[in-house]
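Open the model in your viewer and keep the selection tool at hand. Each stop below says what to select and what is there.

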Amino acid sequence: MTTSPPFDIVLFGGTGDLVMRKLLPALYQAHKAGLLHPLGRILALGRKDADRAAYLAQMEAQARPHVQADFDAAVWATFAERILYCKLDAEQPADFDALAQALAGNGGRITVCYLATAPVLFTGICAQLARVGLNHPGVRVVLEKPLGRDLASSNAINAEVGRHFAEDQLYRIDHYLGKESVQNLMAIRFGNTLFEPLWRREWVDNVQITIAEDLGVEGRGEFYDKTGALRDMVQSHLLQLLCMVAMEPPATLEANAIRDEKLKVLNALKPFSESDVAANSVRGQYRAGAIGGQPVVGYLDEARIAPGSRTETFTAIKAEIANWRWAGVPFFLRTGKRMPERLAEVVISFRKVPLALFPGPSMERASNRLVIQLQPDESIQLYFLAKEAGDGMRLQPTYLNLDFDATSQHRRADAYERLLLDVIRGNLGLFMRRDELEAAWHWVEPILAGWNNSTLPPKPYTAGTWGPAASSALLSRDGVAWHEEL
């Protein structure tokens, strides 16, 4: 167990949903595990003219219900002692002067400024932090996605933020990279000889990466209608997971060694032409249906959605990596809202045996698959065929299961907990570098342009299903099916 150095965490947007649902519960878990320095403080910032007692009451009502199992009221009380509240309006320079006063004389602690705000505020906040001297080397800034709407706006934000903070002070966060199973993906690949010889085009038939949500826009209609699934999920989460699957072994586990290899993958992604967009991408939009037996409205009937909106709530994409390891292997990326279940997984399908010695339908559709599940539970399964009990030589599908809850004797940290601790400790390995972000936008932009230029609306799909039929057709052209269809 390693305790963090002394710190001040400054939560911009401290009364918002992200802070209450994710950040404060994650910090509580780190506090409970003894991973936070005893002198560490948490300063929540908000526009409300409230005092500390009022903020702690809000935290009790809104953050405490999101704490994981094994809640301890006494530990929660000691955690609350770390919390301070300061009024700050990001558009009022005088409020930053007051913040600098509150942080003055903090004894050389690390200062983490977590910008859990709308991205439109990032540049102004960073400029004001620099104006009051809060951009010295001991300050680290966490930037939440989405960082821009396209390459130009992303570059503009990064350039302006980069005027005030060095690259090694900026932590562009993607919480999927903090998940235990993603960390285990690196361990399995680079810590063992079993899979690495097979992790290439000669043995891998296809790779599927899915992030499915059963929720709709959940009160975020105005934001989501200007964003869509491609910007919200593909440009960040899905491409980061693709990099973790496809990257070469880094020379070391040092942050830039890892990020250099991820950048090589992004730069090797085959660019989309206009015809590629039509042939190798699917965009969909959910209609009314049912989730968990309960009726739900269609996207166009959600609150604060523009009439006739063509914003996609689903996308499936066939990607290719033009390098020697992966040339010719399709990578299928899929994400959507109002799908049957909440699910995030990576499926590595290996090639079929060259000769079917054993009769039966299992041999016709079976392949060895490594399934890395990220949510709702974190596990890794290896699928293969084994003899069915009884007379004869019929085979049946089965799998080996690595269930982290069942096998680990140690507490597993939540993704945000791990990443927050990494920021405090100065570990940049699980955060996006500026050139990674640029490369991701370079690849996504032609798809955005192709959809914008198309006269065709998104393909409809019923809420509670796995998306439009065109999604299955996208794979069937390669003789492949989505994992749940096998």
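The tour goes from the sheet to the rings and then to some points along the backbone. The model is predicted.

**The sheet**

Begin with the strands. Select β16, β15, β14, β13, β7, β12, β11, β8 and β17, in that order: these nine strands form an open sheet with mixed pairing. At its edges are β16 and β17 (459-462), each of which pairs on one side only. From one strand to the next, the twist averages 20°.

Next, select β8 (residues 281-287) together with β17. The two strands run parallel and are joined by four bridges. Pick out Arg287, and opposite this residue you will find Thr462 in β17.

**Aromatic rings**

Turn to the side chains. How many aromatic pairs does a search of the whole structure find? The search gives 17.

For one of them, select Tyr55 and Tyr85. Their ring centres are 5.2 Å apart and their planes meet at 20°; planes under 30 degrees apart count as stacked, so this pair is stacked. Tyr55 belongs to helix α2 (residues 52-62) and Tyr85 to strand β3 (residues 83-87), so the pair ties together parts that are 30 residues apart in sequence. Are these two residues buried or exposed? Both Tyr55 and Tyr85 are buried.

Move on to Tyr383 and Tyr399. Here the ring centres lie 5.0 Å apart with the planes at 35°, so the pair is tilted. Tyr383 is in strand β15 (residues 379-387) and Tyr399 in strand β16 (residues 395-403), so the pair links distant parts of the chain, 16 residues apart. Tyr383 is buried, at a relative accessible area of 17%, whereas Tyr399 has 45% and is partly exposed.

Then select Tyr224, Tyr286, Tyr299, Phe314 and Tyr461 together; these residues form one aromatic cluster.

**Charges over rings**

Two further selections each place a charged side chain over a ring.

- Select Lys179 and Tyr176: the charged end of Lys179 sits over the ring of Tyr176, 5.3 Å from the ring centre.
- Select Arg334 and Trp482: Arg334 lies over the face of Trp482, 3.9 Å from the ring centre.

**Points along the backbone**

Hide the side chains and go to Gln375 and Pro376. What kind of peptide bond joins Gln375 and Pro376? The bond is cis, with omega about 5°. Pro376 is in the loop between β14 (369-375) and β15.

Now select Arg304, in the loop between β10 (294-296) and β11 (314-320). Its phi is near 60°, a positive value in a residue other than glycine. With a relative accessible area of 52%, Arg304 is exposed.

The last stop is Arg338, in the loop between β12 (330-336) and β13 (343-350). Arg338 is not a glycine either, yet its phi is positive, at about 55°. Is Arg338 buried or exposed? The relative accessibility of Arg338 is 11%, and buried means under 20%, so Arg338 counts as buried.

Terms used:
Residues are numbered from 1 along each chain as its sequence is written. This is a predicted model: local features need pLDDT of at least 70, side-chain atom pairs count only at pLDDT 80 or more; totals for chains, interfaces and linings use all residues. Side-chain values use heavy atoms; hydrogens and water are left out. Rings of Phe, Tyr and Trp (its six-membered ring) pair if their centres lie within 6.5 Å; planes under 30 degrees apart count as stacked, over 60 as edge-to-face and the rest as tilted. Buried means under 20% relative accessible area, exposed over 50%, partly exposed in between (1.4 Å probe, protein chains only). A charge sits over a ring if NZ of Lys or CZ of Arg is within 6 Å of the ring centre and within 35 degrees of the ring normal. Two strands pair if DSSP finds at least two bridges between them. Axes are lines fitted to C-alpha atoms, for helices over the stretch in contact, and angles run from 0 to 180 degrees between N-to-C directions.
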